[in-house]
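Visitor: I would like to go through this structure by question and answer. Please start with the chain as a whole and then turn to the backbone.

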Amino acid sequence: MSAETSRVRTDAWLWAVRVYKTRSAATTACRAGHVRVNGDRAKAAQPIGPGDEVRIRIAGFDRTLVVRQTIVKRVGAPAAALAYEDLTPPPPPRESIAFVPIRDRGAGRPTKRERRDIDKLRGFGPE
């Protein structure tokens with residue numbers, strides 16, 4: 001059985017292709033439900049193989065990876081990049097991200113006037 005046709009644990013593969021720094025972090029992400037294999041929540045020990053789609057939620061963003069080859073041992077970044085195909089859409093341009101006003105620390109709750117101004121900025125308030 002060659003390394004490319006075998007199936008490996010989900011957490012071990014995520015660690016080997018450098019998605020997570022440690023295997024325990026990959027296991028924790030699986031337990032928390034941040035990892036999906038072919039649309040279903042994945043347990044850490046669930047076997048994955050070539051052709052499987054893996055969705056990972058990291059820092060509020062989803063990464064979509066398709067398994068090209070299964071590896072168990074952690075390898076260098078160039079070799080790890082060959083083990084998957086990244087189908088993650090590019091992030092939205094900075095201009096399209098909504099501006100979030102930041103209040104000074106210790107300024108307390110916004111007044112009614114400030115809250116209305118914030119709502120106008122967000123596009124919720126009356127014109």
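**Chain and backbone**

Visitor: What share of the residues in the protein chain is buried?
Guide: The model is predicted. A residue counts as buried under 20% relative accessible area. Of the 127 residues in the protein chain, the buried ones make up 28%.

Visitor: In which pattern do the helices and strands follow along the sequence?
Guide: The protein chain has four helices and seven strands. Read along the sequence, their pattern is β-α-α-β-β-β-β-β-α-β-α.

Visitor: Where is R18, and is it buried or partly exposed?
Guide: Most residues other than glycine have a negative phi. R18 has a positive phi, near 70°. This residue is found in the loop between α1 (10-16) and α2 (23-31). Because its relative accessibility is 40%, R18 counts as partly exposed.

Visitor: Which loop holds A59, and is this residue buried or exposed?
Guide: A59 is not a glycine, yet its phi is positive, about 55°. The loop that holds A59 lies between β5 (53-58) and β6 (61-67). With a relative accessibility of 72%, A59 counts as exposed.

Visitor: What share of the contacts with a separation of 6 or more comes from residues 24 or more positions apart?
Guide: A contact here requires heavy atoms within 4.5 Å. Among contacts in the protein chain with a separation of 6 or more, residues 24 or more positions apart account for 44%.

Notes:
Residues are numbered from 1 along each chain as its sequence is written. This is a predicted model: local features need pLDDT of at least 70, side-chain atom pairs count only at pLDDT 80 or more; totals for chains, interfaces and linings use all residues. Side-chain values use heavy atoms; hydrogens and water are left out. Helices (H or I, at least four residues) and strands (E, at least two) are DSSP runs, numbered from the N terminus. Buried means under 20% relative accessible area, exposed over 50%, partly exposed in between (1.4 Å probe, protein chains only).
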